[in-house]
Amino acid sequence: MAYLLQQLANAIPLAALYAALAFGYAVAFGVTKRADITYGAIFAFSGQILLLFTDFGYNRLWLILPAALALGVAASLLYSMGAGVWIGRSIMMPLVRQSSNTVIVAALGITIVLMETARLALDTRSLWLSPFLNDRVVFWRSGGFEVVLTEIQLANTILMCAFVAIGALILKRTSWGRVWRAVTDDPLAAELCGTSADKVFLLAYAAAVLVASLCGILSTAYYGTMDFGAGLMFGLKVLMVAAVGGYSDPLKSAGGAAGLGLIETLWTAYGPFIWRDLVVFTLLVLLLVLSRRERAIP
């Protein structure tokens, strides 16, 4: 029982990560209506830029670790947001009016460019952050067994849940949220009512990029590194994870993704680890096939 409780506790940070990523992806998908693996590439790119500039500040500028991390976070947000907004404005917005295959091919090319840019900037080195906020917080004791999480796990979970809560509040309670819903339903009708669909597209894409960048920074701070191939892996995973709860409502998409995070953690605990990704992707494909609906995409 204690082991199960620990695994459920371990699932909370991963579920929060998947929920935040799925929420941001659903916001962007609402205006693009196209599968876009660039989102996962931005997630990985932000973590790799964090590593690069934190290492530069710590080893070249001789900054203390908090100052080096602050430099890395600032640079990561600057580079990731700059790249993401440029991609949305100059590549995705013109292409969404074309065939879906065009967007998919462009997204794959962008992902490769971001992955290779980070790899060359890091000189093909795997950098690691110094551990921090690793003190344990005990939730339950049973004999000699303790159910614990670290401080950084709790901080990441709270922040990622806050991203989802704030985003859901904006979409439900603000005028921008109403405009976003109008554009996702019918861009032409929204234009006829005086709304700039292009402006909403850029703001939604930028908001999604911001969520992906922040999640990349928090994940890298927790795991200590970000692999060069993580962009493609997370691009595919987020695309399919977000579909568990459906793309129509970002909050439902976040809820479905959180449930998948729980399943993935439990499989890691009780099943063979080597089959984890295969099982997760197979489950996602099965869910997509079972929930598939024929609908014309404008």
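The second largest pocket is lined by 29 residues, and those nearest its centre are Leu-14, Tyr-223, Phe-234, Glu-264 and Arg-276. Two or more lining residues come from each of helix H1 (2–32), helix H5 (151–173), helix H8 (197–223), helix H9 (230–241), helix H10 (250–270) and helix H11 (276–290). H1 gives the most, with six residues. This pocket has a volume of about 780 Å³.

Before going on, the conditions. This is a predicted model, in which local features need pLDDT of at least 70 and side-chain atom pairs count only at pLDDT 80 or more, while totals for chains, interfaces and linings use all residues. Residues are numbered from 1 along each chain as its sequence is written, and side-chain values use heavy atoms, with hydrogens and water left out.

On a 1 Å grid over the protein atoms alone, a cavity is a set of points where a 1.4 Å probe fits but cannot get out; a pocket is an open set with protein on both sides within 12 Å along at least five of seven lines, and lining residues have an atom within 4 Å of a point. Points are joined across faces, edges and corners, and a volume is the space filled by probe spheres set on them. Helices (H or I, at least four residues) and strands (E, at least two) are DSSP runs numbered from the N terminus.

By class, the pocket lining has 14 nonpolar, ten polar and five charged residues. Here Ala, Val, Leu, Ile, Met, Phe, Trp, Tyr, Cys and Pro count as nonpolar, Asp, Glu, Lys and Arg as charged, and the others, Gly among them, as polar.

Next, the cavities. How many cavities of 30 Å³ or more does the structure hold? There are two. The largest has a volume of about 80 Å³, and its lining includes Tyr-25, Phe-29, Arg-34, Asp-36, Tyr-39 and Tyr-205. H1, H2 and H8 each supply at least two of its lining residues, with H1 giving the most, four. That lining has eight nonpolar, two polar and two charged residues.

The second largest cavity has a volume of about 30 Å³. Among the residues that line it are Leu-51, Arg-125, Thr-225 and Phe-228. Its lining divides into five nonpolar, two polar and one charged.

On to the helices. H2 covers residues 38–59, and its end C-alpha atoms are 31 Å apart, which agrees with the 32 Å that its 22 residues should span at 1.5 Å a residue. The expected span is 1.5 Å times one less than the number of residues. Of the 22 residues in H2, 17 are buried, meaning under 20% relative accessible area.

H10 has 21 residues and reaches 30 Å from first C-alpha to last, close to the 30 Å expected. Its buried residues include Pro-250, Leu-260 and Glu-264. Asp-249 caps its N-terminal end, with a side-chain oxygen 3.0 Å from the backbone nitrogen of Leu-251.

In H6 (residues 175–185) sits Thr-184. Is Thr-184 buried or exposed? Thr-184 is buried, with a relative accessible area of 14%. A polar atom of its side chain lies 2.7 Å from the backbone oxygen of Arg-181.

Last, the strands. S1 (residues 136–142) and S2 (residues 145–150) pair in the antiparallel sense over six bridges; pairing requires at least two DSSP bridges. Val-138 stands opposite Val-148 in S2. The two strands form a hairpin with two residues between them, and Gly-143 in the turn has a positive phi of about 65 degrees.

Conventions: Buried < 20%, exposed > 50% of the residue type's maximum accessible area, 1.4 Å probe, protein only. Polar contact = N/O pair within 3.5 Å; in protein donor to acceptor, adjacent residues only side chain to side chain.
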